[in-house]
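Subject: Structure handover

Hello,

Here is the structure for you to look at. My notes on it follow below.

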Amino acid sequence: MNLALTPEDREFQREVRAFFANTIPDAWKTTVRAGLRLPPETLTAYQRCLADRGWGAPTWPTEYGGTGWTPQQLHIFWSEASAADAPSQYHQGLELIGPIIFTYGSQAQKDFYLPRIISGEDWWCQGYSEPGAGSDLAALRTRAVRDGDTYILNGHKMWTSYAHVSTRMFVLARTSSETRRQQGISLLLVDMDTPGIRVSPIRTLDEKHHTNEVFLDDVRIPAANLVGEEGMGWNYGKVLLDRERMVAAATAMFLPQTLRAVRAAAARRRTSTGPLIEQPGFRAKLAQVEIEALGVQSMVLRLMADAAAGADSGPRGSMVKLRWSELLQQAMTLWIEALGPQAQHFEPLDGGGLSDDMPLALQGALFSRVTTIYGGSSEIQRNIIARRALGL
Amino acid sequence: MQFAYNDEQQMLRDSVERFGEEEWNAADRLKRLAEGPAGGRRRWAKMAELGWLALPISESEGGLGGGPVEVMAIMEGIGRHLMTDAYASHCVLAPALMRGGGEHCAVLLEQLGAGAIRIAAALIEDSGFDPASIRTEALANGGGVRLSGTKIHVEDGADADWFLVSARTSGSAGSRDGIGLFLVPCDADGLDVRRFRSVDGHRHASLVLREVSATPVGKMGEAADRIDLAMDRAILAVLAESVGSMEASLAATLDYVRTRQQFGAPIGTFQAVQHKLVDMSLACEEARALTMVATAQYTQTASDAALVAAAKVRVAQCGIAVTQQAVQLHGGVGTSEELVVSHHLRRQMMLELAFGDASFHKARFADASFR
Ligand SMILES: Cc1cc2nc3c(=O)[nH]c(=O)nc-3n(C[C@H](O)[C@H](O)[C@H](O)COP(=O)(O)OP(=O)(O)OC[C@H]3O[C@@H](n4cnc5c(N)ncnc54)[C@H](O)[C@@H]3O)c2cc1C
């Protein structure tokens, strides 16, 4: 789906298409379509490749090394990336901490950190959640105590994705106790090589290593690593709300990748009356999901129009996240149905091979359960919509 | 219609419950899984001692002649404790396929009941779940029969000593005539066995047969009805497993939402959460009722295909919905390997595929009831 394109847009589209045609190896396809991350070193190489082309930070303004693209150009870029089975860029540096640094960070922080995000030199992880603070993030208990020109961090972070390969972590920690829990929280930048940090893997249902617990034990970091003002960390999260719509939009635009995988698997799968893709029952189910995906794509276009007009999107980002995550789960279910009994063959026990798409399709189907939990669970998104859009 | 177990069945259920608590305690689950086949052998020997392995085998073949309701009492405990021990495949499906199959079947069944051997059924091929759409050939050769073909999935076949293989003596794929059932030892010449682990800890296989010498079970060419009847019995068994598993998931989630605090209150006090739990309990109720009704109708000689197919479709839907919500309501920890809820979800996803998925059974239901 595309908006009306100007001749310049068309030229841009050709350029982007040509870039992806030469950049995305076939070997990435199944992993990407299953909504799983490629190995970190591969993603870093991909980031470097984009950076070399000047496209390392598609959503950033030019003054910080971004492309300065219009929402229209972003839409073209993501459409082409999606069509080429390109992976999503790892977002925790690019979309989460990067924008906070260029909005609230010191000049020194901007100069040091931003180029390293674009070049792929730094991999950032997000140290927000804790055992007792998930949906209710303001319940966090990790403490940062000022001691001269350092902060001493103590606490236990949970679900810190990719901490095991990260060079840096942005952490929300309590610097004082206030009556309002959202006050007294500060945002700190931590070098993962600092003594006192222990990363311990959390094993998840899909048997792929994504996430970790991070223990902070008297971790001393320079006081200069505080972002903005002490005690104001919660408010900086708000810049994210605005950018979240872009993350939701980009992710939703990658849904067709999964749907292509479903079609391919259903075309390969034999049944007693011909390929599965020709069975009316299956076609109807696939059509239903594709139709709903078109609905989401239309919602994304509206988000992009908001962004172009500089308008507040209200809860539209939450709405896209809700619909996108549910649809991804449905698409993955269809993929497994298309594989049939061979979805029961997850790991060969005597050196033999697996059927096409396995085990990635099943890992993707299992991991898709996470998308309605992380980044604000579906229940929390609904609460937000009830409050912000419906005024309930 | 009877919706409660009699005393004997209740005792059986209790003994499975004790076994489950000892052998498959949720806290030790990862250790159990890591033990692999060695642990499986130890538990199998215990189950033999308890008489469970011989329970579904008919008395005339040296078994205890337990019916589908007794099997249900065992299987729901297997589901509740999420045991990977392949009772439905080896102890329910295989004896049902071999029932009255001749002297050599009786000998093997006795060994099976004693836990000495395992037998798995190799029925489906690459053209779908319908046991009639097979092309594996059975050719007479001298005094015997030789099988050639490919079986893409053998449920719980990785540790089987024998395979029950369906093959054609005549007719073409799709025809119910000309299907035979044959016994093949796992080390037969010309047999290539590939083994796989599934995401629920079960261990399956696929077979390639090249002129493998085989022994017929029952009358050659007339196995289609035998296979359908046996499959229905195995399906009833996995329905009970599914019910046990979804009820355990609901119970674990109820416990969790009472203790997990967010926003200063147990999450179970939020109505959004309560309504989900109510829907989960409705699904459990519906699945148990359907399973009991479908189980009660089954006899050794006849099965209501439409009812069993309907139950297979609906119970699987309930099981997946309940366990997906169980994971969802646990939040992040719901997706962790450490907690048992996601193991239940994985099992339910695989149970949906075992012995025919929803599409296959919907078609079967329609064929049987829209005549
Ligand atoms: C694989 C994975 C990767 C992650 N990566 C990161 C990361 O990199 N960095 C990071 O900081 N965090 C990360 N997270 C954490 C994630 O953001 C949290 O899991 C999420 O915020 C939910 O918190 P929780 O797990 O504590 O669940 P809880 O908050 O305990 O929620 C449990 C259940 O209760 C529901 N619930 C809670 N409150 C309400 C309410 N008021 N009304 C209705 N329902 C409610 C929830 O929707 C959920 O269903 C990750 C999580 C996972 C699983």
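Into which domains is chain B divided? There are three entries: domain 1 covers 7-114, domain 2 covers 119-221 and domain 3 covers 225-370. Please keep in mind that this is a predicted model.

Domain 1 against domain 2 in chain B

The C-alpha centres of domain 1 and domain 2 of chain B are 23 Å apart. In the contact, 17 residues of domain 1 of chain B meet 17 residues of domain 2 of chain B. About 1300 Å² is buried between domain 1 and domain 2 of chain B, and carbon and sulfur atoms give 71% of that area. Three residues stand out on the domain 1 side. His90(B), Leu97(B) and Leu108(B) supply 34% of the area that domain 1 of chain B buries against domain 2 of chain B, more than any other three residues.

What about polar links? Between domain 1 and domain 2 of chain B the count of salt bridges is zero. Five residue pairs are in polar contact across this interface, both residues at pLDDT 80 or more. On the domain 1 side, the elements that give two or more residues are helix 2 (29-35), helix 5 (87-98) and helix 6 (103-113) of chain B. By class, the domain 1 side that touches domain 2 of chain B has 11 nonpolar residues, five polar and one charged.

Chain B against chain A

How many residues does each chain give to the contact? Chain B gives 45 residues and chain A gives 43 residues. The area buried between chain B and chain A is about 3800 Å², with 55% from carbon and sulfur atoms. The rule finds six salt bridges across this interface. Glu207(A) forms a salt bridge with Arg197(B), and their closest N and O atoms are 2.9 Å apart. Polar contacts between chain B and chain A come to 24 residue pairs, both residues at pLDDT 80 or more.

On the chain B side, strands and helices both take part. The elements that give two or more residues are strand 3 (144-154), strand 6 (191-197), strand 7 (203-217), helix 9 (305-330) and helix 10 (341-353) of chain B. Helix 10 of chain B gives the most, with six residues. By class, the side of chain B that touches chain A has 16 nonpolar, 17 polar and 12 charged residues.

The ligand

Where does the ligand lie? The ligand sits between chains A and B. Around the ligand are 29 residues, of which Ser135(A), Trp159(A), Ser377(A), Glu379(A) and Arg260(B) come nearest. A polar side-chain atom of Arg260(B) lies 2.7 Å from an oxygen atom of the ligand. For Asn383(A), a polar side-chain atom is 3.2 Å from a nitrogen atom of the ligand. In the side chain of Gln92(A), an N or O atom is 3.3 Å from an oxygen atom of the ligand.

Backbone notes in chain A

Trp159(A) has a positive phi of about 65°, although it is not a glycine. Trp159(A) is placed in the loop between strand 3 (150-157) and strand 4 (168-174) of chain A. Trp159(A) is also among the residues that come nearest to the ligand.

Met358(A) and Pro359(A) are joined by a cis peptide bond, with omega about 0°. Pro359(A) is in the loop between strand 10 (347-348) and helix 11 (360-367) of chain A.

Best wishes

How values were computed:
Residues numbered from 1 in each chain as written. Chains lettered and ligands numbered in written order. Predicted model: local features only at pLDDT ≥ 70, side-chain atom pairs only at ≥ 80, totals over all residues. Heavy atoms only, no water. Domains from an automatic or database assignment. Contact = heavy atoms within 4.5 Å. Buried area = accessible area lost by both parts, 1.4 Å probe. Salt bridge = Lys/Arg side-chain N within 4 Å of Asp/Glu carboxyl O. Polar contact = N/O pair within 3.5 Å; in protein donor to acceptor, adjacent residues only side chain to side chain. Helix = DSSP H or I, 4+ residues; strand = E, 2+ residues; numbered from the N terminus. Nonpolar A, V, L, I, M, F, W, Y, C, P; charged D, E, K, R; others polar. Near = heavy atom within 4 Å.
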